Amino acid sequence: KQWYQRRVAITAGKIGMPHTVPCKVTGKCGSVLVRLVPAPRGTGLVSAPVPKKLLNMAGFEDCYTCATGQTATLGNFAKATFAAIAATYAYLTPDMWSPTVFTNSPYQEYTDYLAKPFVKQPKKEVKY
């Protein structure tokens, strides 16, 4: 299920399984530009037939699409949709972030040394 959660976003917090794209993503091939937009649960795939088949195979249940360019060229239309779906793999949700290890700042680390009163040392005379 890890690969499924990486590609699909949860729009309503952690309630239920992921069902849509994590954010607005675009894909381009030739003159065709396809934009995938997150949709609320229950919307379904609002798309032309070619992207709808690809989105369905990718596991999306709810998604809006917007396409510009010569979409009658089905090869470019399908490749642009595939590129947009592939762009969702780069999106990391906060639950997938690695834990951050914080270190103390130098002021916190050397607070005992910095708290000591500064005593000016007398200069030593150097004879030549």
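Modeller: Begin with a contact, which means heavy atoms within 4.5 Å. Among contacts in the protein chain between residues at least 6 apart in sequence, 59% join residues at least 24 apart. This is a predicted model, in which local features need pLDDT of at least 70, side-chain atom pairs count only at pLDDT 80 or more, and totals for chains, interfaces and linings use all residues. Residues are numbered from 1 along each chain as its sequence is written, and side-chain values use heavy atoms, with hydrogens and water left out.

Biologist: How many helices and strands are in the protein chain?

Modeller: Helices (H or I, at least four residues) and strands (E, at least two) are DSSP runs, numbered from the N terminus. The protein chain has five helices and four strands. Along the sequence they come in the pattern α-β-β-β-α-β-α-α-α.

Biologist: In what order do the four strands form a sheet?

Modeller: Strands of a sheet pair through backbone hydrogen bonds, either parallel or antiparallel. Here two strands count as paired if DSSP finds at least two bridges between them. The four strands form an open sheet in the order 1-2-4-3, with mixed pairing. Strand 1 (25-29) and strand 3 (45-46) are the edge strands, each pairing on one side only.

Biologist: Which strands pair in the antiparallel sense, and over how many bridges?

Modeller: Strand 1 and strand 2 (residues 32-38) are antiparallel, over five bridges. Within that pair, Val25 stands opposite Leu36 of strand 2. Strand 2 and strand 4 also run antiparallel, joined by six bridges. There Val34 is opposite Ala67 of strand 4.

Biologist: In which sense do strand 3 and strand 4 pair?

Modeller: They are parallel, over two bridges. Val46 has Tyr64 in strand 4 as its bridge partner. Strand 3, helix 2 (residues 49-58) and strand 4 make a left-handed β-α-β unit. For handedness, point the strands away from the viewer: a crossover is right-handed if the path from the first strand over the helix to the second runs clockwise.

Biologist: Is Lys52 buried, partly exposed or exposed?

Modeller: Buried means under 20% relative accessible area, exposed over 50%, and partly exposed in between (1.4 Å probe, protein chains only). Lys52, found in helix 2, is partly exposed because its relative accessible area is 36%. Leaving out residues up to four places away in sequence, Lys52 touches Leu45 and Ser47. Lys52 and Tyr64 are twelve residues apart in sequence and 9.9 Å apart in space, C-alpha to C-alpha.

Biologist: Which strands does helix 3 lie across?

Modeller: Axes are lines fitted to C-alpha atoms, for helices over the stretch in contact, and angles run from 0 to 180 degrees between N-to-C directions. Helix 3 (residues 74-87) lies across strand 1, strand 2 and strand 4 (63-68), at about 145 degrees to strand 1. Thr81 has its place in helix 3, and counts as buried because its relative accessibility is 0%. Not counting residues up to four places away in sequence, Thr81 touches Val34, Pro51 and Leu54.

Biologist: How many disulfides does the count give?

Modeller: A disulfide is a pair of cysteine sulfur atoms within 2.5 Å. By this rule the count is zero. Cys29 is buried, at 18% relative accessibility, and Cys63 is buried too, at 0%.

Biologist: What share of the protein chain counts as buried?

Modeller: Of its 128 residues, 25% count as buried.
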